[in-house]
Amino acid sequence: MLPSPTPGGTLSDDMTRTEFCLFTAQEDLETMQAYAQVFNKLIRRYKYLEKGFEEEIKKLLLFLKGFTESERNKLAMLTGILLANGNISASILNSLFNENLVKEGVSAAFAVKLFKSWINEKDINSVAASLRKVGMDNRLMELFPANKRSCEHFSKYFTDAGLKELSDFARNQQSIGARKELQKELQEQMSRGDPQKEIIAFTKEEMKKASLSEQAMIGIIWTSVMSSVEWNKKEELVTEQAIKHLKQYSPLLKAFTSQGLSELSLLLKIQEYCYDNIHFMKAFQKIVVLLYKADVLSEEAILKWYTEAHLAKGKSVFLEQMKKFVEWLKNAEEESESDEEEAD
């Protein structure tokens with residue numbers, strides 16, 4: 001059903017095509033689905049064929065230049081359906097990163113047809129999960145030559161081809177990668193004890209480069225701050241250690257909480273962290289009070305978190321911890337309003 005190419009990318013002269021050959025079939029999705037069904041049934045019946053079949057597909061993809069455009073389109077559609085059915089692994093995409101195929105634009109054109117049929121069978125979330133499983137989620141840019149390997153070019157190419165979902169996914173993956181790198185760098189700067197003025201300047205520059213919002217940035221900074229130290233395993237000692245550490249880095253946190261939404265994002269990150277790290281469960285209130293006193297968190301943000309914006313994680317424990325402080329904030333707010341009225 002699938003002819004074998006010879007090394008170098010040409011089809012063997014003595015090749016015989018049967019009437020059932022994929023490449024003599026009609027070039028449409030319905031026909032390719034019928035072929036995929038045949039392969040699916042064969043592999044299910046004869047499990048030992050699975051590995052060999054995947055290896056053959058990998059070889060075929062390496063020699064795409066030996067096929068006509070129409071033949072490549074059929075193979076791409078079939079491959080997309082096979083991927084959707086789970087008959088082959090997304091690791092076969094590695095063949096498309098071949099330098100010669102990439103250079104001549106064969107890989108990108110093939111990928112368009114492949115992803116269209118794959119997404120048609122499943123959805124972008126299923127495709128993303130399969131790509132992540134084999135570490136292909138961060139390699140899609142390699143479908144293009146080095147001089148065109150940018151998020152902008154990828155996005156335009158696949159959006160113009162009707163695959164905006166894929167370009168959005170790739171953009172998001174690149175953003176995640178950039179955030180991880182930034183977090184790692186910040187962590188290293190803190191571990192080295194670099195001056196906070198330098199860390200703030202660096203972070204603002206990177207935030208601008210990556211087009212990150214302040215809300216996203218404060219989450220990265222919090223994670224970096226909390227990952228840059230070895231925490232004590234004893235609950236009674238870790239709170240004291242955390243307060244000392246966060247007091248040191250409060251100017252850094254303050255520099256990236258100029259908006260109410262950023263303060264709220266930080267509060268949610270603190271809640272999540274204290275819940276996920278059991279030794280910090282009792283430290284939540286002390287951390288929030290410290291950051292309130294350091295002008296990192298405002299009373300508005302704390303009250304909003306308390307009344308409506310908190311997470312479900314550890315909700316009852318943290319709300320109980322914060323009860324007295326919130327009452328104090330409310331009383332202070334009422335006294336302030338009363339004083340203003342008297343002054344008027």
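This is a predicted model: local features need pLDDT of at least 70, side-chain atom pairs count only at pLDDT 80 or more; totals for chains, interfaces and linings use all residues.
Helices here are DSSP runs of H or I with at least four residues, strands are runs of E with at least two, and both are numbered from the N terminus. Residues are numbered from 1 along each chain as its sequence is written, and side-chain values use heavy atoms, with hydrogens and water left out.

The axes of α2 and α3 come within 12 Å and cross at roughly 145°, where axes are lines fitted to C-alpha atoms, for helices over the stretch in contact, and angles run from 0 to 180 degrees between N-to-C directions. On the α2 side we have Phe 53, Ile 57, Leu 60 and Leu 61, and these meet Leu 75, Thr 79 and Leu 82 in α3, contact being heavy atoms within 4.5 Å. By class, the residues of this contact are six nonpolar, one polar and no charged; Ala, Val, Leu, Ile, Met, Phe, Trp, Tyr, Cys and Pro count as nonpolar, Asp, Glu, Lys and Arg as charged, and the others, Gly among them, as polar.

The second pair is α6 and α8, with axes that come within 11 Å and cross at roughly 45°. The two helices are therefore oblique to each other, given that angles under 35 degrees count as roughly parallel, over 145 as roughly antiparallel, 65 to 115 as roughly perpendicular and the rest as oblique. Their crossing is right-handed, and the contact is made by Ile 124, Ala 128, Leu 131 and Arg 132 of α6 together with Glu 165, Leu 166, Phe 169 and Gln 173 of α8. That contact of α6 with α8 has five nonpolar, one polar and two charged residues.

Which residues have the most contacts inside the largest nonpolar core? They are Phe 115 and Leu 131, in a core of 55 residues, a nonpolar core being a set of buried Ala, Val, Leu, Ile, Met, Phe, Trp, Tyr and Cys residues joined through side-chain atoms within 4.5 Å. Among the elements that give two or more residues to this core are α1 (29-45), α5 (106-121) and α7 (151-160), and α5 gives the most, with nine residues. Apart from this core lies another, of 52 residues, including Met 207 and Ile 218. Leaving aside neighbours within four places in sequence, Leu 131 is in contact with several residues, among them Ala 90, Phe 115, Trp 118 and Phe 169.

Finally, two individual residues. Gln 189, in helix α8, is buried, with a relative accessible area of 6%, where buried means under 20%, exposed over 50% and partly exposed in between, with a 1.4 Å probe and protein chains only. Beyond neighbours within four places in sequence, Gln 189 is in contact with Asp 194, Ile 199 and Phe 202. Lys 282, by contrast, is exposed at 56%, and lies in the loop between α13 (260-276) and α14 (284-293). Not counting residues up to four places away in sequence, Lys 282 touches Glu 235 and Gln 321.

Key. A crossing is left-handed if the near helix is turned anticlockwise from the far one by less than a right angle, and right-handed if clockwise.
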